[in-house]
Amino acid sequence: KDMPRRSLDQKGAQLDSITTKQALGVGLAQTVSLIPGVSRSGASIVGGLLSGLDRVTATAFSFYLSIPIMILASGYKLIKQRGDITSLPGGSMALIFGVVAAFITALSAVSWLLRYISRHDFKIFAYYRIAFGTLILLLIATRFIR
C-alpha cells in the first residue's frame, strides 16, 4: 500500500531508481572505452550490470549517457569544419536531412534494442564480438588485412 512508486519508461527501465553510486560506477566503467576497440555502450552497460542495475535499465542509461557526448562532439566538428559545409553536394540542406535521417534511424535502433534486451540476454552480442574479433585476428595473421 505504501510502496514507493518507481516510474518506468516505455521499455521497463527504472531510471529514477539509479543511485549516485551506481551512476558513478557506470561512468567509471565507461572510461574503459578509451581503449581502442572497446565499445562505449558495452562498457557502460557492463558497468551498470556490475553496479546492480537490471539489463533494461543499464542499457537505457547507457544510451541516455551518449546523448550529450554525441551532441557536443557533433557540434564541435560542425564548428571546426563549418567552411566545408558549402562544398557538400546539397549544402546545408543535405546536412540537415542527413542529421534527421540519422536521428530517426538511431531512435529506431535503440528502441528495437531495448525491446530485445527486455526479453533476451546479451549472449548473442558476446558471441558475435568473439567471432568477429577472431575473424579480424585471423585476417591480420594471414596478412589479408595489414
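Gly27 sits in helix α1, which spans residues 20-30. The model is a predicted one. With a relative accessibility of 27%, Gly27 counts as partly exposed, because that value falls between the limits of 20% for buried and 50% for exposed. The C-alpha atom of Gly27 is 30 Å from that of Leu137, and 110 residues separate the two along the chain.

Asp54 belongs to the loop between α2 and α3, the latter covering residues 55-80. Asp54 has a relative accessible area of 33% and is therefore partly exposed. From Asp54 to Met70 the C-alpha distance is 25 Å, for a sequence separation of 16 residues.

Lys80 is located in helix α3. A relative accessible area of 61% makes Lys80 exposed, since the threshold for that class is over 50%. Lys80 and Phe61 lie 29 Å apart in space, C-alpha to C-alpha, and 19 residues apart in sequence.

| Residue pair | Separation in sequence | C-alpha distance |
|---|---|---|
| Gly27 and Leu137 | 110 residues | 30 Å |
| Asp54 and Met70 | 16 residues | 25 Å |
| Lys80 and Phe61 | 19 residues | 29 Å |

Next comes the surface patch. Met93, Ile96, Phe97, Val100, Phe103, Ile104 and Leu107 make up a nonpolar patch on the surface, and their accessible area together is about 730 Å². One of these residues, Phe97, is in helix α4, which runs over residues 91-119. Phe97 has 57% relative accessibility and so counts as exposed.

Helix α2 provides the largest share, with six residues. By residue class, the lining of the second largest pocket contains 13 nonpolar residues, three polar ones and one charged one.

What salt bridges does the structure hold? There is one. The partners are Lys123 and Asp121, and their closest N and O atoms are 3.9 Å apart. The pair qualifies because the cut-off between a side-chain nitrogen and a carboxyl oxygen is 4 Å. In general, side chains of opposite charge can pair when their charged atoms come close. Asp121 has a relative accessible area of 32%, so this residue is partly exposed.

The phi angle of Arg143 is near 60°, a positive value in a residue other than glycine. Is Arg143 buried or exposed? Arg143 is exposed, because its relative accessibility is 65%.

Note on methods. Residues numbered from 1 in each chain as written. Predicted model: local features only at pLDDT ≥ 70, side-chain atom pairs only at ≥ 80, totals over all residues. Heavy atoms only, no water. Helix = DSSP H or I, 4+ residues; strand = E, 2+ residues; numbered from the N terminus. Buried < 20%, exposed > 50% of the residue type's maximum accessible area, 1.4 Å probe, protein only. Patch = residues over 30% accessible without salt bridge, like charges linked within 9 Å, V, L, I, M, F, W, Y side chains within 5 Å. Areas by Shrake-Rupley, 256 points an atom, 1.4 Å probe, with all protein chains shown as cover. Nonpolar A, V, L, I, M, F, W, Y, C, P; charged D, E, K, R; others polar.
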